[in-house]
Amino acid sequence: MSGAATIIGDVHRTAQNPVRVMRALTLVADRKIELRDVAAPPAPAAGEVQIAIKAIGLNHLDVWGWRGMAFAKRKLPLIVGVEAAGEIRAVGAGVTRFAVGDCVVAYGGLTCATCKACREGRDNLCENVAGVMGFHVDGFARELLNMSARLVIPVPAGVSFRDAACAPVAFSTVQHMLFDNAKLEPGETILVQAGGSGIGTVAIKMAKAIGCTVITTVGDDEKAAKASAIGADHVINYRTERFEGIVRKLTGKKGVDVVFEHVGPDTFNGSLLCLKRGGRLVTCGSTSGQSTTINLFQLYLQQYRIFGSFGASIRNIGDSLAKMASGLLPVIDTEVALTDFERALALLESRQVFGKIIVTF
Ligand SMILES: [Zn+2]
């Protein structure tokens, strides 16, 4: 943690300082996050709720934001944090769905609510989105936050803040990829690339939960054992074996029904080679670079279907939380304090993680 911001334990108000302040993790430059005091929000307006943030889930999107991205339109300083869970602290006029003390999560895309996509519940295709919280606009890593109640989702009883914090991005992204886009069916075979990552672990568990056969790739033997322990049927160490060849052998040369991609150029062509004729590849990321080439003859002759997927709908978050309530819980690698946010991002960047890192307030 860089910088020398004063840390104040609780929001307070004094005669000299009538502005309430709170702590917020703030990106001030590329690879520089400070814990700063910022103005606390006023009482929630009509239609809004005020949320006291309790836990934040880290994602690769946080790493991109921290490193800096040339094409991302945003202004610094920026409050970080793309997914979180918290508790309702106050409700504005006209809000009846929530009461003080409710455990909630929120949708981090500032959608318009009025375009065709929004009206149809395809929130991540909003035509007028004002940005992704924690990436383009201020995010969740702060003590208090006012949100439109429209974007807030109740957490079912029995789901912890820690687990719920993985619903808005990690769980819902995978839910959207596997079921809205790839339309994964019980009994199918799926290849999950980078099964030790936050979303990789979720994909393994969601696919196993509906009775799929799961093949996954990992980068070391320790992760291989962990991937088996969470249910993967076959685990391939991509550093010591060519995954394409193993997948063909495991599937009797037929290939898999679905590939879950997010690695990018390092694996993309190998992933296509793993598909059976008519197979589906769904991708939500490209951590190893931006561009690759594909064989167009192979694409149409094999009738592959490729889905680009980003984010999720509000409905996907509710579905994710329901899965958690029925026992499909996230794999948590570590829980760290606010002051360890940058160290945790470095761990994520170096891939020395199995599952999710949670930052607690
Ligand atoms: Zn919209």
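Me: A residue is called buried under 20% relative accessible area, exposed over 50%, and partly exposed in between (1.4 Å probe, protein chains only). With that in mind, which residues of α5 are buried?

Reply: This is a predicted model, in which local features need pLDDT of at least 70, side-chain atom pairs count only at pLDDT 80 or more, and totals for chains, interfaces and linings use all residues. Residues are numbered from 1 along each chain as its sequence is written, and side-chain values use heavy atoms, leaving out hydrogens and water. Helices (H or I, at least four residues) and strands (E, at least two) are DSSP runs numbered from the N terminus. The buried residues of α5 are G198, I199, G200, T201, V202, A203, I204, M206 and A207.

Me: Why is α5 described as largely enclosed by the rest of the structure?

Reply: Elements covering its buried residues include α4 (167-181), β9 (189-192) and α10 (314-325); contact here means heavy atoms within 4.5 Å. Helix α5 is largely enclosed because the buried residues number nine of the 12.

Me: What is the relative accessible area of V82?

Reply: V82 lies in the loop between β4 (78-79) and β5 (83-91). Not counting residues up to four places away in sequence, V82 touches N59, L61, D62, M133, G134, F135, F140 and V169. V82 is buried, and its relative accessible area is 3%.

Me: How many disulfides does the model have?

Reply: A disulfide is counted where a pair of cysteine sulfur atoms lies within 2.5 Å. By this rule the number of disulfides is zero.

Me: How far from C103 is the nearest cysteine sulfur?

Reply: C103 is in no disulfide. The nearest cysteine sulfur belongs to C166, at a distance of 12 Å.
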